[in-house]
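Trainee: Please take a careful, close look with me at how one part of this structure is packed, and tell me who touches whom.

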Amino acid sequence: MADRGRNPTVVIADDDALIRSVLRATLEGEGFRVVEVGDGSAVTSAVASCAPDLLILDVRMPGSSLAQTFAEVRAGATDLPILLLSGQPEVPLEASSPQTRYLSKPVPLTQLRSTVTDLISRTTRP
Amino acid sequence: MMVRSQILELLHTSGIDRLVHDLPDAMFVFDLAGSLIYANAQLTARLGVTPENYSLPFGSLVAAEQRDEVRAHFAAVARGETAHYTNAATLPDGRSVRVQVTLMPLLHNDEVVAIVGMARDIEELEASREIRSALESRLESILNSVSDGFLFFSPDWRFTYINPRGEAIVQRSASELIGRSLWEEFPEAEDSGFGLAYRRAVAENHTVTLRDRYEPLGSWLEASAYPTPDGLAVYLRDVTAEEDSRLQLIASESRLRSLGALLDVAHDAIIVRDPHHVIQYWNAAAARIYGWSAEEAIGTSARDLLYARHDEFDEATRRVFADGHWRGELAQQTKWGDTIIADSSWTLTLDGQGEPETLFTVNTNITDRKREEAILLRAQRLDSLGTFAGGLAHDLNNVLTPILTSAQLLAEQEADPLRQRLLSSIESSALRGAEMIRQVLSFARAGWKASECRSTSGSFWLSSGSCVPLPCRRTSRCRSRSVIGRRTPSAIAPNFSRC
């Protein structure tokens, strides 16, 4: 669960380093702490170790399937907001879960910011 | 010696003259001197002889060369004996006939007073005997040579005649059977159909015909029994071979009916043609597939009836006549004007001289299957295209994401108008590229949006999870719906490996 005394933490899980890089730049510019994960198998442990306020998760990553990653993350952090990003326009089943949103790449900056802000506000709301 | 008048008186008082006057044989009376005293009507009519015109010795009654012999007979009779002899008599028209003569003495007071004679024309009798003998011989010859059996039975059922063919049929010789009882020699016949038929023919006095199997001889026999005044005549034929053929024919017809029924329940069209393609057999499936009934199709040319294009048909014909068989796909036309695709198998049979006799054809209607294969192939191509487009879209969107985000971030921090325009161009290009990717995906997946028919065949499901419908059938009702497109989370299971 987020530490209300510090900046919100966002875990960015994407196997594309360039994408992670621009997302980091965007979110750090908004005052978020960013933790990057480039492999699907490391997502769960990253979430467990840094207790983020938001997980941005690419739906197709090496190391683990979305279903497996999603289930493991939800097992440890039931209410963690998750933003699913996909290079394809098809909406994955997990997008219908509570505290979960979905955006299709490439995401316009304004839409990314508003979605992240909206999701973060749910966890930081008293 | 009595004189003529006394003898005539004696004939008259004894009634002899009246008794013999109208007999069919010639009757005469001579006195002992050899004079004709009496001639009955037959003698006068046949020989033209009367006591008045008769002249000694013997007139025309006795041929000259036989007169001594006849005199001797007369002398014997004059002594009280009886004489029988044959001699030639000459008729008034000059013809000579043979007569049989009997002479007896006419006694009065134990003395011979005259000679009474009777003459019978035996010319016709002997001719009749000869004719009868010839006829009998000829009849026997005929009966012996005919191919059917003749048997004659006496009224007490004894064999009186059996010809050689009859001997062969009953497997017994005439010498064993003639004079023997039918029922003793063939005891099984008495209660058989033949025994009943023979007795019925006699009892009802009409012809009875019967064809039946006679087990003791192991034969099928046909008997016609004709009652005669002398018993029963039986005309007997061994019809075993004929019956065997008939039973075989019945069995063959039964097998053919069974085979025909079997062919009629087949799903494939079975057609038999002669070497000139004239249809000789057309099963029920052929009628269902092509629309023409057997009555309409048989006798017509299969080439003209079923084929609008003759090049493929003629090539198949050339091959089957060369190789004895051929199999391939042919486009055929139906009575309704449709064109169907048939998987056609042809076999040529030859006659005893090795000449083409019959063409057997089995046609399977594969029109639906060919159409389904084409649709499936198209769907597979579209599926591959969709897979490729999906992967490409993912990668390109991943490429565009940092470009778009970076351009928008930089633009927010850039005060220089030129740089602002350049960053705006990058942003616009990235967004245009993303839109193009979306359009490519939409185009590639347009094939997944298809109509689905209500049919018993169901639909094909591809690896991508897309549904490919089967083709419409003539009688089914169709409905359209989008089977894939933008998936909704609750409706379509995800395929993570492709996201």
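Mentor: Axes are lines fitted to C-alpha atoms, for helices over the stretch in contact, and angles run from 0 to 180 degrees between N-to-C directions. Helices (H or I, at least four residues) and strands (E, at least two) are DSSP runs, numbered from the N terminus. The model is predicted, with local features needing pLDDT of at least 70 and side-chain atom pairs 80 or more, while totals for chains, interfaces and linings use all residues. Residues are numbered from 1 along each chain as written, chains are lettered from A and ligands numbered from 1 in written order, and side-chain values use heavy atoms, without hydrogens and water.

In chain A, the axes of helix α2 (residues 43–50) and helix α3 (residues 66–76) come within 9 Å and cross at roughly 20°. That angle makes α2(A) roughly parallel to α3(A) (under 35 degrees). The contact (heavy atoms within 4.5 Å) brings together Val43(A), Thr44(A) and Val47(A) of α2(A) with Thr69(A), Glu72(A) and Val73(A) of α3(A). By class, the residues of this contact of α2(A) with α3(A) are 3 nonpolar, 2 polar and 1 charged (Ala, Val, Leu, Ile, Met, Phe, Trp, Tyr, Cys and Pro are nonpolar, Asp, Glu, Lys and Arg charged, the others, Gly among them, polar).

Turning to chain B, we find an open sheet of 5 strands in the order β12-β11-β15-β14-β13, with antiparallel pairing (at least two DSSP bridges between two strands). At its edges stand β12 (279–282) and β13 (325–333) of chain B, each with a single partner strand, so one side of each has no neighbour in the sheet. Neighbouring strands of this sheet are turned by 25° against each other on average, direction ignored. Strand β11 (residues 269–273) of chain B and strand β15 (residues 356–365) of chain B run antiparallel and are joined by 5 bridges, and in β15(B) the bridge partner of Val272(B) is Phe360(B).

Helix α14 (residues 311–323) of chain B packs on this sheet, where it touches β11, β13, β14 (339–350) and β15 of chain B, and its direction makes about 160° with that of β13(B). Helix α15 (residues 367–413) of chain B lies across β13, β14 and β15 of chain B, running at about 130° to β14(B).

Helix α15(B) also meets chain A, for its axis and that of helix α1 (residues 17–29) of chain A come within 9 Å and cross at roughly 25°. The two helices, α1(A) and α15(B), are therefore roughly parallel to each other. On the α1(A) side the contact includes Leu18(A), Ile19(A) and Val22(A), and on the α15(B) side its residues include Asn398(B), Pro402(B) and Leu409(B). Sorted by class, the contact of α1(A) with α15(B) has 6 nonpolar, 5 polar and no charged residues.

Note on methods
Angles under 35 degrees count as roughly parallel, over 145 as roughly antiparallel, 65 to 115 as roughly perpendicular and the rest as oblique.
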